[in-house]
Amino acid sequence: VLIGVEDDGMVAGLEDDYKAANPDKCNRDGYQLFLSDSLKNSLIGNWSLFYAISFGTVKGRDICKIDVSPATEPVYIKGGDFYIRDGNRKCKLSAHDADVYRRNRW
């Protein structure tokens with residue numbers, strides 16, 4: 001996942017994201033803390049071993065990359081919903097479809 005890069009490849013940078021995420025700490029550290037807390041607070045369980053957040057600079061602008069490894073079991077968001085990727089979009093599965101997906105995937 002790239003943050004700070006538009007769909008057409010244009011580098012937008014993270015300046016506005018830094019301000020929105022943590023007005024008191026408008027930098028990479030504040031943004032990484034925001035992302036880590038958002039993931040921790042949105043997912044059921046601790047999945048921090050399955051993603052890595054890193055930063056780089058392209059054309060003088062900061063970008064963020066989140067590398068995500070395949071999970072060893074289903075990952076649910078708080079509230080119990082289950083999503084999968086379908087190409088470049090996310091799809092929320094019904095309870096029945098989630099059960100079928102889990103049986104086929106794991």
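## What counts as nonpolar, polar and charged

Ala, Val, Leu, Ile, Met, Phe, Trp, Tyr, Cys and Pro count as nonpolar here, Asp, Glu, Lys and Arg as charged, and the others, Gly among them, as polar. With that in hand, let us walk through the structure, which is a predicted model.

## The chain as a whole

The chain holds 3 helices and 5 strands. Read from the N terminus, the elements follow the order β-α-α-β-β-β-β-α. Along its principal axes, the C-alpha trace spans about 45 × 30 × 20 Å.

Of the 106 residues in the chain, 23% are buried. Taking the contacts between residues at least 6 apart in sequence, 47% join residues that are at least 24 apart.

In soluble globular proteins, nonpolar side chains tend to be buried together. Here the largest nonpolar core is made of 10 residues: Ile-3, Leu-14, Tyr-18, Ala-21, Tyr-31, Leu-35, Tyr-51, Ile-53, Cys-64 and Ile-66. At least two residues of this core come from each of helix 1 (15–21), helix 2 (28–42), strand 2 (51–58) and strand 3 (61–68). Another core, of 5 residues, lies apart from it, and its members include Phe-82, Cys-91, Leu-93 and Ala-98.

Beyond its neighbours within four places in sequence, Tyr-18 is in contact with Pro-23, Cys-26, Asn-27, Arg-28, Tyr-31, Phe-55 and Asp-62.

## The cysteines

How many disulfides does a search of the whole structure find? The search finds 0. As a reminder, a disulfide is a covalent bond between the sulfur atoms of two cysteines.

## The largest pocket

Rolling a probe the size of a water molecule over the atoms shows where empty space is left. In this model, the largest pocket contains about 1,100 Å³ of space. It is lined by 26 residues, and those closest to its centre are Leu-39, Leu-43, Val-68, Val-75 and Arg-85. Helix 2, strand 3, strand 4 (83–86) and helix 3 (95–105) are the elements that give two or more residues to this lining.

Helix 2 gives the most to the lining of the largest pocket, with 4 residues. Sorted by class, the lining of the largest pocket has 20 nonpolar, 3 polar and 3 charged residues.

## The second largest pocket

The second largest pocket has a volume of about 170 Å³. Around it sit Gly-4, Ala-12, Gly-13, Leu-14, Glu-15, Asp-16, Asp-17, Gly-60, Arg-61 and Asp-62. Two or more lining residues come from each of helix 1 and strand 3, and helix 1 has the largest share, with 3 residues.

Which classes make up this lining? The lining of the second largest pocket has 2 nonpolar, 3 polar and 5 charged residues.

## Some residues to look up

Most residues other than glycine have a negative phi. Lys-59 is not a glycine, yet its phi is positive, at about 55 degrees.

Asp-7 sits in the loop between strand 1 (2–3) and helix 1, and at 88% relative accessibility Asp-7 counts as exposed. The C-alpha atoms of Asp-7 and Ala-20, 13 residues apart along the chain, are separated by 21 Å.

Gly-80 belongs to the loop between strand 3 and strand 4. With a relative accessible area of 39%, Gly-80 is partly exposed. Between the C-alpha atoms of Gly-80 and Val-5, which are 75 residues apart along the chain, the separation is 31 Å.

Finally, Asn-104 lies in helix 3 and is exposed, at 65% relative accessibility. Its C-alpha atom is 18 Å from that of Lys-90, 14 residues away along the chain.

Technical notes. Residues are numbered from 1 along each chain as its sequence is written. This is a predicted model: local features need pLDDT of at least 70, side-chain atom pairs count only at pLDDT 80 or more; totals for chains, interfaces and linings use all residues. Side-chain values use heavy atoms; hydrogens and water are left out. A nonpolar core is a set of buried Ala, Val, Leu, Ile, Met, Phe, Trp, Tyr and Cys residues joined through side-chain atoms within 4.5 Å. Buried means under 20% relative accessible area, exposed over 50%, partly exposed in between (1.4 Å probe, protein chains only). Contact means heavy atoms within 4.5 Å. A disulfide is a pair of cysteine sulfur atoms within 2.5 Å. On a 1 Å grid over the protein atoms alone, a cavity is a set of points where a 1.4 Å probe fits but cannot get out, and a pocket is an open set with protein on both sides within 12 Å along at least five of seven lines; lining residues have an atom within 4 Å of a point. Grid points are joined across faces, edges and corners, and a volume is the space filled by probe spheres set on the points.
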